[in-house]
Amino acid sequence: MDLQYAQNWLNDILNEVSIQFQKVPGSAIFLRYVKSSYQNDPVRSAVELFLVLFAIRYLLSPKYSTQKKSYVTLSDEACALPEIDELVDDWTPEPLVAPQTPFEEAENEKRPVIVGPTGPKSKLSNGRTVTNLASYNFYNLIANETLKEKAIQVLRTYGVGPCSPPGFYGTQDVHIKTEADIAAHLGASACIVYAQAFSTISSVIPAFSKRGDIIVADRAVNYAIRKGIQISRSTVRWYEHNDSEDMERVLEKVVREQRKKPLTRRFVVTEGLFENVGDMLDLPKTIELKLKYKFRLILDETWSFGVLGRTGRGITEHQNVDAAEVDMIIGSLAGPLCAGGGFCAGSDEIVEHQRISAAAYTFSAALPAMLATTASETLSMLQTNPEMLTSVRDNIKTMWAQLDPRSDWIRCTSSAENPIMILALKLEVVLSRKLSIADQEQLLQDIVDEVRQETSLPKLNADIRLQTLANGVMITRVKSMPRAINATTKDIGWELQPALKVCITSGLSRKEIERAGITIRHAVTKIMTRKR
């Protein structure tokens, strides 16, 4: 009896709800939609009803935060103001960067400041004039009056900068000309110009290689390449520096692992002249391996373009390789060419793909017209005046003769054609003295400071000594790579060896290069014997 009464009561309630619902405007349409859409699928109706109820509850629920509250509850308004002043006085903001180490503080205090124009002879803020071997002014183009006049003319015509990305309205006729000049100089099908040299390679890599793709890279590649690899989120396989046998082992292993997996894009990333070590790539062997195992080659010629080859075309010209055999050639217009920006040369498809997918090209303002024109003019000078390269190479040989074979402490790891000489402590010196990385950096910094302060050379005749009384030599060190990048790219096993960096220029005569080399060698000996 009680059960029947409950059923009757429930039916009355449902009938009353139905009557009231039918009085709502649009209820008949809603009921007709439900009956026609869900009469054969009650599960779907139940799921959607649950989602609707959940959404209503979520919208009506109070706000909440999963983070710990970082604010302070104050007392009543009358006492709030003194409390706020007290809290402000006690608050200490967190530093934006890590505090400097004692070594970094000492280095910054001694860092030289150049006053006036930069050149082979530079004046420092302390009034001294030094021989500048710390800048990439290989051909002394900074002092070229023709380039200066051309740059001023372009500046007056086009202004300081386009102030817009190339894909919007930042592209100008000078950019198109520079791209065509670089492509013709290299013998490539097409070329694209970026506004910054560093961001070129770090944008090209993620434009083509994505998550799940494979990158095989040399352990000694530069910081910009490592940033590009990190951004791409691709799977990275490292091989020993400039070791073709180990490279082939890694390529073969990757191919073997990928046989039963879906097809992925695979790249080899390396440099022409390695920024961190200074030595040269064996490009013919690298191309042979990339064709054998079906990889694409991304070649960073930041430090070899404008340096190697009879006309400065880079490592392809130096080692007699057709540029078309390299999928992507990346270079800098800011170093040897004394302009600005970078470029990527390759096939038409590779270049056009970057115009809509490379972050540094799509979202950065275009290269200033003045720098684009300077790059074109410099390329023309290298093609028509190959003696510019010959002069630098003669000075490189002169500096080599003074440093590498004559020093008991340092050795040059750079290629004989590289105007950037990387001078590291000899292995037997490091092992015999048990020098850590920090110890080596401190010794090399002391050498940098000593070379800059040097005012006389021993064991020279009076005429040469008088000419060098006022001139120290300004060189620098190879800076260590941040460990965070190594950890992100899973390459903790390789560490950059501390070294000196000496940049050769044609703006100095052979005798001046000789004197600078003797000064460097004398400072190395002085510091190393003093620290014994």
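**Briefing: burial, salt bridges and contacts in a predicted model**

Strand S5 is largely enclosed by the rest of the structure, because 5 of its 5 residues are buried; buried means under 20% relative accessible area, exposed over 50%, and partly exposed in between (1.4 Å probe, protein chains only). Helices (H or I, at least four residues) and strands (E, at least two) are DSSP runs, numbered from the N terminus. This is a predicted model, in which local features need pLDDT of at least 70 and side-chain atom pairs count only at pLDDT 80 or more, while totals for chains, interfaces and linings use all residues. Residues are numbered from 1 along each chain as its sequence is written, and side-chain values use heavy atoms, with hydrogens and water left out.

**The chain as a whole**

- The secondary structure of the chain comprises 22 helices and 15 strands.
- Of the 532 residues in the chain, 45% are buried.
- The chain exposes about 29,300 Å², of which carbon and sulfur atoms supply 56%; accessible areas come from the Shrake-Rupley method with a 1.4 Å probe, and for residues only the protein chains shown count as cover.
- Among contacts in the chain with a separation of 6 or more, 68% are between residues 24 or more positions apart, a contact being heavy atoms within 4.5 Å.

**Strand S5 and its partner**

- Both faces of S5 are covered, with Ile214, Val216 and Asp218 buried on one side and Ile215 and Ala217 buried on the other.
- S5 and S6 run parallel and are joined by 5 bridges; two strands pair if DSSP finds at least two bridges between them.
- Within this pairing, Ile214 stands opposite Thr235 in S6.

**Salt bridges**

- A salt bridge is a side-chain nitrogen of Lys or Arg within 4 Å of a carboxyl oxygen of Asp or Glu, and by this rule the count comes to 15.
- Arg219 forms a salt bridge with Glu240, and their closest N and O atoms are 3.2 Å apart. Arg219 lies in the loop between strand S5 (214-218) and helix H10 (223-232), and Glu240 in the loop between strand S6 (235-239) and helix H11 (244-257), so the pair ties together parts that are 21 residues apart in sequence. Glu240 counts as partly exposed, at 38% relative accessibility.
- Asp246 forms a salt bridge with Arg249, with the closest N and O atoms 2.8 Å apart. These two residues are 3 apart in helix H11 and are therefore separated by about one helical turn. In general, an α-helix has 3.6 residues a turn, so residues three or four places apart point the same way. Asp246 is buried, at 11% relative accessible area, whereas Arg249 is partly exposed, at 45%.
- Lys526 and Glu450 meet through their side chains in a salt bridge of 2.9 Å, N to O. Lys526 belongs to helix H22 (residues 510-530) and Glu450 to helix H19 (residues 437-453), so the pair ties together parts that are 76 residues apart in sequence. Lys526 is partly exposed at 37% relative accessibility, while Glu450 is buried at 15%.

**Helix H8**

- The 14 residues of helix H8 (residues 173-186) should span 20 Å at 1.5 Å a residue, and the end C-alpha atoms are 20 Å apart, which agrees; the expected span is 1.5 Å times one less than the number of residues.
- The buried residues of H8 are Val174, His175, Thr178, Glu179, Ile182, Ala183, His185 and Leu186.
- Gly187 follows H8 and has a positive phi, near 85°.

**Helix H17**

- Gln402 is found in helix H17 (residues 387-403) and counts as buried, at 6% relative accessibility.
- Apart from its neighbours within four places in sequence, Gln402 is in contact with Glu514, Gly517, Ile518 and Arg521.
- Ser391 also lies in helix H17, where it counts as partly exposed, at 30% relative accessibility.
- Ser391 and Ser506 are 115 residues apart in sequence, yet their C-alpha atoms are 5.8 Å apart in space.

**Nonpolar surface patch**

- A nonpolar surface patch of about 1,300 Å² is made by Val43, Val47, Leu49, Phe50, Leu51, Val52, Leu53, Phe54, Ile56, Tyr58, Leu59 and Leu60.
- Patches are made of residues with over 30% relative accessible area and no salt bridge; like charges are joined within 9 Å, and nonpolar side chains (Val, Leu, Ile, Met, Phe, Trp, Tyr) within 5 Å.
- Val43 lies in helix H3 (residues 42-60) and counts as exposed, at 60% relative accessibility.
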